[in-house]
Amino acid sequence: MSIDINTILMYLLYALVFPGLLFSSVFGLWLAGVDRKVVARMQKRIGPPIMQPTYDFFKLLGKETIIPANAATTTFMLAPYVGLVSLVVLALFIPVGGFQAFGGMADIVVVLYLLTIPSLSIIFGGSASGNPFAGVGVSRSMVAIMAYELPLILVLLAVSKAVSGNGMLTFSLEGITTYQKLNGSLLFDWRLLPAAVAMLLVIPCEVGSHPFDVGEAETEICEGPLVEYSGAPLAVFKLSHAIKMFVMTALFAALFLGGIATGMLWLDIVIALLICTVVTIICMSFLHAITARLKVEQVFKFFWTVVSGLALVSLILVWIGI
Amino acid sequence: MSMQYYQHFPVLSIMILFLGAFLVALFHKSRFMRTFITSVAVIGSFAMMIALIKPVMLNGEIITYWLGGRVPDGGYAIGIALEVDAVSLFFGILVSLAVLLSGLYSFRYTKQDDARDKFFTLYLMLAGGVMGIVLSGDLFNIYVMLEVMTFAAVALTAYRSWNPNAREAAFKYLVVGSIGSSSVLLGIALIYANCHTLNLAQISALAMSKMNPSMLLAFALLFVGFGTKAFMVPFHPIAADAHAAAPSSVSVLISGVFTKTGVYGIIRVCYFLFRTMGMPAVQTGVVLIGSVSMFLCVTMALNQHDFKRLLAFHSISQIGYILTSLGLCTALGIAGGLYHAINHTLFKGLLFLTAGAVLYSTGTTKLEKLGGLAKKMPQTAALFMIGAFSISGVPPFNGFVSKWMIYQATYEKAMETGSIGYALVTVLAVVTSVLTLASFVKVGQSVFFGEMPIEYQNVKETPASMLVPMWIMAGLCLATGLLPNLMFKYLLGPATGAVLNSPAYIDSAMGAGYAASQMPDMSLMADPVIVFAGAWKPLSWLLLFVIILAAVALASLMSKKRTSESGAVIDSKHDTFFGGEENTFSQVASGDLFWGFKHNMRKYLGFMSNAHNGITNEYVTWGVVDLAIIIVYCFIFI
Amino acid sequence: MIVANYIGAILLVAIGFYAMMTNPNIIRIVVGMNIVDYGLNLMIVSVGFNQGGTAPIYTLGELTSGMYFVDPIPQALTLTSIVIGACVTAMSIALCIKMYSEYGTLDARQIRRLHG
Amino acid sequence: MFKKIIENSMAKSPWLFHINAGSCNGCDIELVAVLTPKYDAERLGFKLTGSPRHADIVVVTGPVTAQSKERVIRTIAQVPDPKVIVTLGSCPRSCNVFKGSYSVVGPLDNYVDIDVSIAGCAPKPEAIIDGLALAAAVLKEKRRAK
């Protein structure tokens, strides 16, 4: 691996500006704003301005950070940043409209595991705060992870099987998008429709939005793991939440709608971002507005039966090769 | 051929450990001598293994050492041989590394025990036995070493006189383990009856042409015998008992080393002796056993209330991963399995050592009684986190890389054979990995985070002499995760090649051309090509991570620092928010932590919990029934 | 004749396993282990047995044509295995004694602190 | 500039934490009514949080009872700075009809400094929104003063 100054500058540009920290934060916060606005409109409210999550973020930066006496300080303060960084890294790996900052560096298994780090950072951060509410929240968040991981891997394997033909297995996201560019988007493959639906249900659970936000139920357990966080770390967690929305929807776009190619990169990217927004509205805002929060054991049951069932149907259909 | 100096290293590395054992017993009065002899033995053994990397791993030599210079005569191996190929050396390095680090840890750790001289005697015997197994080229020698090892392990399990469960655990271990030993012995007898030799190389040359029902029976018996040593399902309950009762530094050996001899034995039996691994039926069987082991034991682990017992079940779950991967019989699968074997030794060793540190400092490993120790033992907590992330496969730690390879290998196998069963194995492996993560979140929440019970107010950080081996292990966990290329070059590549290249092993012992003259078909895969279906570049990923972390740190420094931390006195501002109430100790009990999961799985978990009822006879019954099933399976499908 | 040995060996192993599986008395479990051991020893010795063979201890002067020996290696193996068996028995009996003083019983159904 | 952004954001994103210090529940209902579609306080960025650590504005209702006094004081102390304390309804300021009861130890300003008071029994939602908007302005001022 030869490293010259240009490569490093490119790395820096990718990591910090596009599609890394800056872009994913801005777009993620925008998505979060759209989400809140749409939910409000569906409830016949005016709703907060689109910029509201951004205001929240900057306000929290200006607040005092309290470290509780019971907390394990290092873990408590480090956790949000680790979560944020891994999400930004994830944003670099997921192709947006065919543009992938670091193409040959990751595949679906890496994505699967990187996705657990942000959740883990919330879990360990909350755990380190030494609060009993956080303890309950930790437990619930972990059950939510256990719940969505099974359908998610089924979806990923189904997609991987669908794109890998003639004996060559491909796990890489690059390969998946390339295949779709040649053969059309996978969403229009009827065998993968159940998997796409399952993925749409996995996204809110992963992001922690209604009705699957068992871990951070603010009315029952005072926002669970985040209960003791204040100021800048909380701001980082909120930012991570927003970036997670971007990452998950972009993952959906890459897996199922990666076939959109107009020949112009910037147009592709714009279209991909539009898809992200639409997916956010469908799977987060709609569900948020029309459902109440499930209980934790219901979430687990729902994901291991209905959602996994959908994904499994897809996997089997793809496998028997109709 | 003149002997190179390094050809004596295998026998010396075994002898130095046994010699150390006797010398420790001899000088048992002096603490200095005991420490000195043990250190010299474990360091010397490790150094000799490392010195062998260059000739064996890089130059591809296979060292054959005939004890007493009795080389094969007239096509018959009459002497006892030590034969070190890349597989043996791979396991040898793994074993001596664990023995070294765990030994260094023991010096301080056993301070609370009586009869420490006996501890080190047994410890070195156990280490010597394991080294003997992985380096030996003689089947009966392997059996004897197996018994030496088991004997020492049982004695060490029962060693802690103040642990009320130790004797019971040791007894069950001995009884159920004896099924395995008996199977191995019977298998050896049957092989001898057919091949009239005990040399591994010669047997593997002759076995294919002499295949008959009694050889098949011998295969089944040897498989079960080594499976018992690897604690595959259904032999897992004894492992859980023994790991939990033994001192932590011994648990490291039992889980990281003892079980590896089982894995090593299975590799030797399936890939070398009988070369049955090419058959789909055997592959299916091994993968099935591996998958069941990994899933069943991880769910059992979620049910546990004791730190070490939980780790013990995880240990078998990880062995399940290794067996699954080795059972695929593809280059990627073998490489993944071996990679996971070395990773398992490192991270599970680390976790057992942290458990030992907790036990050393607080006197208990009960999850319900502990909590909030990260404030008092920050380094131990950090080490635990590294171990937990490694075992649950969080990138960029080592567990991730090997699991990543295992997923690919299983799914590729599914593509190859067109069977959806292997695809479900991939799914099962991922789910197991998540459940592993969950149970370590449970440990983290119950032991290191959460609230601290008042009686641990004066707990001290683990002593430095115990921290150093743990930090080395943690560093290796990170290094093996970040440098898979080096791992492939120096360890995994040659070892994978050696697994698939049994004729070279035979020729090295019996003289060139022997394999070709005896074996009907020579499926020689000298240079396996390991192809990945996905992409993963840990180093560049780390670079990214560092860049972004630096940026974030800069940003957070730029924003005005408004952190307020409480002083010594707890004021209400820094008190835990408890709904406005004054803070009282209330910790979510570890058993209730994943209630949402347990509620849905209550029937399964309840059944499993009742099945592991602790009665020795039932465990024996499971073992014997399993033995019978495997024998019948072999006779039907092979 | 040698077939009888094999059958006997298999029977001994089966009896030993049966004892280990069904007898809740831990001393009898140890006895069961021993019976399995004896079965195996019988097996190994029989493997090396040659009908009419002499002991493999000879001087050159005693050697005549047509003379043959029983295989000495299995006998050596048996010796080793007996020694190992004795060690294991000693160990397990020692554990039994300790357990009896700790639990006050030899019943395996009551010696089950470690379960679940 | 960064400072300016934060100050402006302070006024636009005030998060509420609601403490009931022995209220008759009237004011509590009205506070929730403020978040309903008709009044929709969320358009101004108001949001109810579950934990005092996240809050900027503490809304206290009810005369402070003997049982709740310590809890109220502790919870208010746990809110990170800058913070604004708002009393909702007449009770926290004057104890209202509960004054003189053996169990009432209010008013609240005996214990903490109050920034904004919203009068009424119970106050109208319009009044509450007005008061909260004022509180947000006070929050910005407090941040600027730092």
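A crossover is right-handed if, with the strands pointing away from the viewer, the path from the first strand over the helix to the second runs clockwise. Helices (H or I, at least four residues) and strands (E, at least two) are DSSP runs, numbered from the N terminus. In these terms β1(D), helix α2 (residues 26-34) of chain D and β2(D) form a right-handed β-α-β unit. The model is a predicted one: local features need pLDDT of at least 70, side-chain atom pairs count only at pLDDT 80 or more, and totals for chains, interfaces and linings use all residues. Residues are numbered from 1 along each chain as its sequence is written, while chains are lettered from A and ligands numbered from 1 in the order in which they are written.

Strand pairing in chain D was examined next. Two strands pair if DSSP finds at least two bridges between them. Strand β1 (residues 15-20) of chain D runs parallel to strand β2 (residues 47-48) of chain D, and 2 bridges join them. Here D:W15 lies opposite D:K47 of β2(D). β1(D) also pairs with strand β3 (residues 57-61) of chain D, in the parallel sense and over 5 bridges. D:N20 has D:T61 in β3(D) as its bridge partner.

Contacts between chains follow. Two residues are in contact if their C-beta atoms, placed from the backbone, lie within 7 Å. There are 4 pairs of chains in contact, and chains A and B share the most contacts. Their contact joins 73 residues of chain A to 68 residues of chain B. Several elements give two or more residues to the chain A side, among them α1 (5-16), β1 (65-67), α4 (73-93) and α12 (296-320) of chain A. α6(A) gives the most, with 15 residues. Residues were classed as nonpolar (Ala, Val, Leu, Ile, Met, Phe, Trp, Tyr, Cys and Pro), charged (Asp, Glu, Lys and Arg) or polar (the others, Gly among them). The side of chain A that touches chain B has 49 nonpolar, 17 polar and 7 charged residues.

The contact between chains B and D takes 6 residues from chain B and 8 residues from chain D. The chain B side divides into 1 nonpolar, 2 polar and 3 charged residues. No contact joins chain A and chain C; their closest C-alpha atoms lie 22 Å apart. Chains C and D have no contact either, with closest C-alpha atoms 39 Å apart.

Helix α19 (residues 484-499) of chain B is bent. A kink of about 45° lies at B:L492, shortly before the proline B:P494. The bend at a residue is the angle between axes fitted to the seven residues ending there and the seven starting there. The end C-alpha atoms of α19(B) span only 19 Å, whereas a straight helix of 16 residues would span 22 Å at 1.5 Å a residue. The expected span is 1.5 Å times one less than the number of residues. A residue is buried if 20 or more other C-beta atoms, placed from the backbone, lie within 10 Å of its own, exposed if 12 or fewer, and partly exposed in between. Buried residues of α19(B) include B:L492 and B:P494.

Backbone exceptions complete the results. Most residues other than glycine have a negative phi, and most peptide bonds are trans. A cis peptide bond joins B:V233 and B:P234, with omega about 5°. B:P234 sits in the loop between α9 (213-229) and α10 (236-245) of chain B. B:F231, in the loop between α9 and α10 of chain B, is not a glycine but has a positive phi of about 60°. B:F231 is buried, with 32 other C-beta atoms within 10 Å. B:H196 also has a positive phi, of about 55°.
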